[in-house]
Each structure stands twice: as structure tokens, then as C-alpha cells.
Amino acid sequence: QLQLVESGGGLVQPGGSLRLSCAASGSTYGYFAIGWVRQAPGKEREGVSCIESSGITNYADSVKGRFTISRDNAKNTVFLQMNSLKREDTAVYYCAATPGWCDSGYDYWGQGTQVTVSS
């Protein structure tokens, strides 16, 4: 079992930055691929970014060049640095994990953190 807790969401103006954190506990975190998935009101969930245990990363086209995912295995934490935020980035952001690869499908989910981009 793996427990995931997100933090770092909030209200930010367009063009601003936020850093989300996902703290994991309860299992061998270092072997898991960890991803961020977001859901905006009235829209389907969208994969934003993922980082595998090897450090390989991927990003949705909509966030490439603006978001950076990283992990600190010593702290069992994954970060999502979000820069140049746009109104369309507004969503609930979920941290998710899988013992497989990033495209395996996630088995564990956090409770989500709200990100609102508005002036």
C-alpha cells in the first residue's frame, strides 16, 4: 500500500508559478512511477506529467516547457514546478502512483489539491 498526500495548490495570477508536492508513505516509494493528473470542471481527467523510478519523465503537450517534474527519493516526495501558468491550467491536481511504468495505469491516488489561475 502507498499513501499519497498533495500540497502546494492555491490561487495564482496568470503568468505566475506554483510548486506542488506529493509526499508518499507506506511502501517502497522509490520503485514507483509517480504522476500528476488534473481534472477541470466539466472535463475529463488529463495526465500532466510522470516520472519513473529511473528518472525518465514525460509531459503533456499542453505543459511542455512550462512544468517540470522531479523526485527526491530520500524524502519520498515528488514535485511539480509549474511556471507561466495559464487560466486553462485551473483544475484539481492529483498525485498518482504505479509500481509499473508511467503508461501502466495508476493504482494509488491522493486526495487532490486545487490550482486556480485567475486575475
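## A walk through the strands

Let's start with a pair of strands: E3 (residues 18–25) and E8 (residues 77–82) run antiparallel to each other and are joined by six bridges. What counts as a strand here is a DSSP run of type E with at least two residues, numbered from the N terminus, and two strands pair if DSSP finds at least two bridges between them. Across this pairing, Leu20 sits opposite Leu80 in E8. Before going on, keep in mind that this is a predicted model, where local features need pLDDT of at least 70, side-chain atom pairs count only at pLDDT 80 or more, and totals for chains, interfaces and linings use all residues. Residues are numbered from 1 along each chain as its sequence is written, and side-chain values use heavy atoms, with hydrogens and water left out.

E3 and E8 belong to an open sheet of four strands, ordered E1-E3-E8-E7, with antiparallel pairing. At the edges you'll find E1 (3–7) and E7 (67–72), each of which pairs on one side only. On average, neighbouring strands of this sheet are turned by 15° against each other, direction ignored; that angle comes from axes, which are lines fitted to C-alpha atoms, with angles running from 0 to 180 degrees between N-to-C directions. As background, strands of a sheet pair through backbone hydrogen bonds, either parallel or antiparallel.

Next up is strand E4 (residues 33–39). Six of its seven residues are buried, so E4 is largely enclosed by the rest of the structure. Buried means under 20% relative accessible area, exposed means over 50%, and partly exposed lies in between (1.4 Å probe, protein chains only). E4 pairs with E5 (residues 46–51) in the antiparallel sense over five bridges, and there Val37 has Gly47 as its bridge partner. The hairpin of E4 and E5 has six residues between the strands, and in it Gly42 takes a positive phi near 75°.

E4 also pairs with E9 (residues 91–98), again antiparallel, over seven bridges.

What about the inside? The largest nonpolar core has 28 residues, and Ile34, Trp36, Phe67, Val78, Leu80, Met82 and Tyr93 touch the most other members. Such a core is a set of buried Ala, Val, Leu, Ile, Met, Phe, Trp, Tyr and Cys residues joined through side-chain atoms within 4.5 Å. E3, E4, E5, E7, E8, E9 and E11 each supply at least two residues of this core. Take Ile34: leaving out residues up to four places away in sequence, its contacts (heavy atoms within 4.5 Å) include Cys22, Ile51, Ile69, Val78 and Cys95.

Let's finish with Thr98, which lies in strand E9. Is Thr98 buried or exposed? Thr98 is buried, with a relative accessible area of 2%. Not counting residues up to four places away in sequence, Thr98 touches Phe32, Ala33, Ser104, Gly105, Tyr106 and Asp107. A polar atom of the Thr98 side chain also lies 3.1 Å from the backbone nitrogen of Gly100.

Definitions and conventions:
A polar contact is a pair of N or O atoms within 3.5 Å; within protein, one must be able to donate a hydrogen and the other to accept it, and residues adjacent in sequence count only if both atoms are side-chain atoms.
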